[in-house]
Amino acid sequence: MASFVPLKEKRLMEVKIGELPRWRLMQDFTPKGYHRYYNKYIHVKKGGIAGVSMVLAAYVFFNYCCSYKELKHEQRRKYR
Amino acid sequence: MNENLFASFITPTMMGLPIVMLIIMFPSMLFPSTARLINNRLVSIQQWLIRMTTKQMMAIHNKKGQTWTLMLISLIMFIGSTNLLGLLPHSFTPTTQLSMNLGMAIPLWAGTVILGFRHKTKASLAHFLPQGTPLPLIPMLIIIETISLFIQPMALAVRLTANITAGHLLIHLIGGATLALMSISMTTAFITFIILILLTVLEFAVALIQAYVFTLLVSLYLHDNA
């Protein structure tokens, strides 16, 4: 390695292309993505409906974005 | 307005890519799997519901039929969760597509029939002729029983599709009527709104009931044949 900082500590933008496979294998596999959300909002001692509701709200928003094109025509206008 | 009514039943694509696969896989995210004895509230509630359903549904089967437990319980969980998620605004319900329901119904029904033919051949064939039929009626009755056998998967699929689609359409229609009536007469709009609320409660029930009926019928076909 032609750098002084250990490979493990570097972020994605700082890794050179040739070192990419090795960098990925040395990644620190703390819970990411799904597990982070799960452990923070659902897997708690007194979880309420907020944990699941946030996921469902995101789902509704995602579907709204996907169907925005068709829904644009139904916007409220003064004269229909 | 007609085109808008059916727009929610088009399989969703994003920039040309079908994302319907993501939507079908989404309910599985809401059922976390866990390896602990005592779990968080979400998982405990789900496990309690699943145990209750399993005991209720698999009690009628013998040992051989109970090997289908995993299949049937996953089926009812999938259909129930997919139908319930479809009641959220703007969401897409995969079970409104006849293709998917046929894809679920035909293999399961065929599995039960083939199982019956392999293990209890005489009894399976005997299903085609009810006991005590008069001799002249026999040929016609065998034809009728064959037809009724082959119609079972079609009925399973179409029942689920039609019920869920009809419910969604009614909600769209009555919601649109409520909105349109608001500028004309508030009382009528209010009555329509009450109807909409009752309909939504019904749809919640239908979502669960349809899942139950689908699974129950498959398990009945299994009971006949296993």
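Trainee: How many residues of each chain are in contact across the interface, and what makes a pair count as a contact?
Mentor: In this predicted model, 21 residues of chain B are in contact with 21 residues of chain A. A contact is called when heavy atoms lie within 4.5 Å, and the residues on both sides have been counted by that rule.

Trainee: What area do chain B and chain A bury between them, and on which atoms?
Mentor: The two chains bury about 1900 Å² between them, and 67% of this is on carbon and sulfur atoms. On the side of chain B, the residues that lose the most area to chain A are Asn40(B), Arg41(B) and His90(B), which together account for 30% of what that side buries.

Trainee: Which elements of chain B give two or more residues to the side that touches chain A?
Mentor: They are helix 3 (41-58) and helix 7 (138-182) of chain B, and the largest share, three residues, comes from helix 3 of chain B. Sorted by class, that side of chain B has 15 nonpolar, four polar and two charged residues.

Trainee: How many salt bridges and how many polar contacts are there between the chains?
Mentor: The count of salt bridges between chain B and chain A is zero, while the rule for polar contacts finds three residue pairs across the interface, with both residues at pLDDT 80 or more.

Trainee: What confidence does the predictor give to the complex and to each chain?
Mentor: For the complex, the predictor gives an ipTM of 0.85 and a pTM of 0.84. Chain B has a mean pLDDT of 88, with 97% of its residues at 70 or more, whereas chain A has a mean pLDDT of 76, with 65% of its residues at 70 or more. Among the elements of chain A, helix 1 (residues 20-25) has the lowest mean pLDDT, 70, and helix 3 (residues 50-66) has the highest, 92. Where pLDDT is low, the predicted coordinates should not be read in detail.

Trainee: What makes up chain A, and how much of chain A counts as buried?
Mentor: Chain A has four helices and zero strands, and of its 80 residues 18% count as buried.

Trainee: Why is Ile17(A) called exposed?
Mentor: Exposed means over 50% relative accessible area, and Ile17(A) has 73%, so Ile17(A) is called exposed. Ile17(A) is found in the segment before helix 1 of chain A. From Ile17(A) to Ala50(A) there are 33 residues in sequence and 42 Å in space, C-alpha to C-alpha.

Trainee: Why are Thr93(B) and Thr96(B) called buried?
Mentor: Buried means under 20% relative accessible area; Thr93(B) has 3% and Thr96(B) has 8%, so both of these threonines are called buried. Thr93(B) is placed in the loop between helix 4 (69-85) and helix 5 (98-119) of chain B, and Thr96(B) also lies in the loop between these helices. Leaving out residues up to four places away in sequence, Thr93(B) touches residues including Ile164(B) and His168(B), and Thr96(B) touches residues that include Ile164(B) and His168(B).

Trainee: How do you know that the side chains of Thr96(B) and Gln97(B) make a polar contact?
Mentor: The cut-off for a pair of N or O atoms is within 3.5 Å, and the contact between these two side chains is at 3.3 Å, so the distance meets the rule.

Trainee: Is Leu75(B) buried or exposed, and which residues does Leu75(B) touch?
Mentor: Leu75(B), in helix 4 of chain B, has a relative accessible area of 5%, which is under 20%, and therefore Leu75(B) is buried. Apart from residues up to four places away in sequence, Leu75(B) touches Met104(B), Leu108(B), Phe214(B), Thr215(B) and Val218(B). Leu75(B) and Thr215(B) are 140 residues apart along the chain, and their C-alpha atoms are separated by 6.6 Å.

Technical notes:
Residues numbered from 1 in each chain as written. Chains lettered and ligands numbered in written order. Heavy atoms only, no water. Buried area = accessible area lost by both parts, 1.4 Å probe. Salt bridge = Lys/Arg side-chain N within 4 Å of Asp/Glu carboxyl O. Polar contact = N/O pair within 3.5 Å; in protein donor to acceptor, adjacent residues only side chain to side chain. Nonpolar A, V, L, I, M, F, W, Y, C, P; charged D, E, K, R; others polar. pLDDT = per-residue confidence, 0-100. Buried < 20%, exposed > 50% of the residue type's maximum accessible area, 1.4 Å probe, protein only.
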